[in-house]
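Subject: Structure for your review

Hello,

Here is the structure I said I would pass on. My notes on strand pairing and helix packing follow it.

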Amino acid sequence: MSAEPRINDRIRVPEVRLVGPSGEQVGIVPLAKALELAQEYDLDLVEVAANARPPVCKLMDYGKFKYESAMKAREARKNQAHTVIKEMKLRPKIDPHDYDTKKGHVVRFLKQGDKVKITIMFRGREQSRPELGYRLLQRLAEDVADLGFVESNPKQDGRNMIMVLGPHKKKTEAMAEARQAQEARKAEAKANPGKSQNVAEEAPAEASADA
């Protein structure tokens, strides 16, 4: 069955409870009278409550109504917050520089309101030292404690050890803050249109002075 309501001559009942263009209650009228009023207003007669007795119909511009409904649904989908699980893989004996780089990615994911699955990969003899992976996961959790919390404690999974971090900030909040930051950058760029150009012009002069 079609999900769209019946309109105009597709409505097949002897009488309807009619609602006017501004939402005013007209009352129960014969279908022919309702269709006549729709013609006078240059609007459509739309069945909005088919199961009512008699069915409720409203006078409206159905084409405009469908367009506005589609736009609202599109905007709702655009603003909908989807929970995303990012993954970050580490080795038990990771060097400090790589650790800082990986931690930076985890921080960025948590700031965006995403969960992060941390996987410690053991190879060879490392499998006999699970405490190395556990300590590394504990360290990472402590380093990002202001942004996220341990949602799933470290557990061994074959050759890997896995922990899941959840963000303190909800995805919707992170998206709203990101939009605000973007708007602020646009406003600053609009208020200072020559700023980026001045920086670009000064750069060659500094380079020649260094030379």
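**Strands**

Isoleucine 118 lies opposite methionine 163 of strand 8. This is a predicted model, in which local features need pLDDT of at least 70 and side-chain atom pairs count only at pLDDT 80 or more, while totals for chains, interfaces and linings use all residues. Residues are numbered from 1 along each chain as its sequence is written, and side-chain values use heavy atoms, with hydrogens and water left out.

Strand 6 and strand 8 (residues 160-167) run antiparallel and are joined by 6 bridges; two strands pair if DSSP finds at least two bridges between them. Helices (H or I, at least four residues) and strands (E, at least two) are DSSP runs, numbered from the N terminus.

Strand 6 (residues 115-121) also pairs with strand 5 (residues 85-90), in the parallel sense, over 6 bridges. There, methionine 88 is opposite isoleucine 118.

**Helices**

Helix 3 (residues 96-111) packs against helix 4 (residues 130-143) at an angle of about 50 degrees, with the axes 11 Å apart. Helix 3 is therefore oblique to helix 4 (under 35 degrees is roughly parallel, over 145 roughly antiparallel, 65 to 115 roughly perpendicular, and the rest oblique). Axes are lines fitted to C-alpha atoms, for helices over the stretch in contact, and angles run from 0 to 180 degrees between N-to-C directions.

From helix 3, Tyr99, Lys103 and Val106 meet Leu136, Arg139, Leu140 and Asp143 of helix 4 (contact means heavy atoms within 4.5 Å).

Regards
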